[in-house]
Amino acid sequence: MAQCVTKVELSISCENLIDKDVGSKSDPLCVLLQNVGGDQWAELDRTEKIKNCQKPEFSKKLFIDYYFEKVQKLKFGVYDIDNKSFDLNDDDYLGGVECTLGQIVSSKTLTRPLELKKGKPAGKGTITISAEEIKDTRVVSLEIEAQNLDKKDFLGKSDPFLEFYKQSDGGKWQLVYRSEVIKNNLNPCWRKFSVPLQTFCGGDFNNPIKVSVSDMDDSTSSDLIGEFTCITAKLLEARDHVVEFECIHPGKKQKKKSYKNSGIVRIKSCKIETEYSFLDYVMGGCQINFTVGIDFTGSNGDPKSPDSLHYISPNGINEYLTAIWSVGNVVQDYDTDKLFPAFGFGAQVPPNWQVSHEFALNFNPNNPYCRGIQGIVDAYRQALPQVRLYGPTNFSPIINHVARFAAQSAQQGTAAQYYVLLIITDGEITDLDQTRQAIVNASQLPMSVIIVGVGNADFKAMEFLDGDNGVLKSLTGEPAARDIVQFVPFRQFLSAPREALSQTVLAEVPKQLVSYYKMQGWAPVKLPGAKQE
């Protein structure tokens, strides 16, 4: 069982980044990697991209669990993003820095020169990392609109966005939130957002907050429309009625006696809500149900041949078995009955040799449960010689199968059961459109899908299903309610320690579980004492 650890929030800013774009400034983003053994690094989080900026202050905070007893080696990489792909290998590297979380925590704010590689500085570029422990689980949720903003653009209206700053101990304003840009609108209504209370105002309702409204301009970074300052307590008056603030441009106010304001910002709602963690749900009685789906299609190769992905080596392993062991060993701790349904797909199955896309590995459709992870391994070994590898590679039947169970649990209306489906495949998916629809449907249910790609196929379709570079949509354009797919190519972990695969594969599950219950507004079944309202 994972122990309860301290959460640390990292704020990132950079100065003097090198310029890679011809004719304009770089569009930087910062990625946080953690060492998972040897020279293997796993991505933990990344900031947003900021356009045309050599001195970015990133609004998105990076979160990391802090373990006192582990040396947590971190790498911060700054990239100039020139395309929409999630992969950073095709973007220009602006420099990075390696350090440990202990160094950051002990110095609270760490500024280091960026390096292109060891000993080679990235011009005069520096990165500043500030750490704050997250002790308070409350969040501030805000809904904001503005009216009659000043027109900043020569041809069109303004493209306004909001920024919130808190005052740090030294009196400096630190960015805590930046909203989306609303194009060509002087009366914008921004989408509802939540910020941890500690991030927002340090948990102190008398702390000053500065709110600015600016016009996003593609050629320069942005133009201030106006701003106001107040304390958090004043914003919280919007619990039950709208609170309005005049948006003032300091320069215009000085120049013109007749100047009134540059628009009105209306706080439609401001509430303090409790944010529950993954451990709150697990300790509150949430069971994680683990199901495995194994690809038995012909593209894997004949299991008797040593170059087949299903070939079991003399020491009793193959990539399928390694993936089952490494993921199953972690997940089984969260499931009390240790009975796991296991299915195969894409094979001709005895006695009629019909192609099946969801056959029980133990050939017992009424009771497809295997006892423990060892039970799945045994059922897989016994099924291999009894089926004929065939095709096509259809994912949607097995996703829909688990979704039916998840839908029944969702009807209970409590955070009691969550489903994790592990699909292990050699990657040549046939029913991509049906699978997209199945995932979009499942995003409304208490479930996550993990896809481990074995072998050396082109996994472009899998990366597409893992909605990291934008929201996955069904063929009809319906977006997924939340990102529930995590794809990992096994080949990246061939030489890494066994736990590296499970750490990467399961990294998203806690966030996905919390995002589902938050979307539903469901608290843990049994609330921890401190959070009993």
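Arg-388 lies over the face of Trp-353, 3.9 Å from the ring centre (a charge sits over a ring if NZ of Lys or CZ of Arg is within 6 Å of the ring centre and within 35 degrees of the ring normal). Lys-210 is placed over the face of Tyr-165, at 5.3 Å from the ring centre.

The model is predicted: local features need pLDDT of at least 70, side-chain atom pairs count only at pLDDT 80 or more, and totals for chains, interfaces and linings use all residues. Residues are numbered from 1 along each chain as its sequence is written, and side-chain values use heavy atoms, with hydrogens and water left out.

**Exercise 1.** Classify the ring pair of Tyr-177 and Phe-193.

*Solution.* A pair of aromatic rings is described by the distance of the centres and the angle of the planes. Rings of Phe, Tyr and Trp (its six-membered ring) pair if their centres lie within 6.5 Å; planes under 30 degrees apart count as stacked, over 60 as edge-to-face and the rest as tilted. A search of the whole structure gives 18 aromatic pairs. For Tyr-177 and Phe-193 the centres are 3.8 Å apart and the planes at 5°, so this pair is stacked. The pair links distant parts of the chain, with Tyr-177 in strand S11 (residues 173-178) and Phe-193 in strand S12 (residues 193-196), 16 residues apart. Strands (E, at least two residues) and helices (H or I, at least four) are DSSP runs, numbered from the N terminus.

**Exercise 2.** Classify the pair of Tyr-276 and Tyr-281, and place it in its cluster.

*Solution.* The two rings are 6.1 Å apart centre to centre with 70° between the planes, an edge-to-face pair. Tyr-276 is buried at a relative accessible area of 14%, and Tyr-281 is buried at 2%. Ring pairs join Tyr-276 and Tyr-281 with Tyr-418, Tyr-516, Tyr-517 and Trp-522 in a cluster.

**Exercise 3.** Describe the surroundings of Arg-266.

*Solution.* Arg-266 belongs to strand S16 (residues 264-274). Its relative accessible area is 17%, so Arg-266 is buried. The side chain of Arg-266 makes a polar contact of 2.8 Å with the side chain of Glu-244 (N or O atoms within 3.5 Å; within protein, one must be able to donate a hydrogen and the other to accept it, and residues adjacent in sequence count only if both atoms are side-chain atoms). Leaving aside neighbours within four places in sequence, Arg-266 has contacts (heavy atoms within 4.5 Å) that include Glu-143, Gln-147 and Val-242.

Terms used: Buried means under 20% relative accessible area, exposed over 50%, partly exposed in between (1.4 Å probe, protein chains only).
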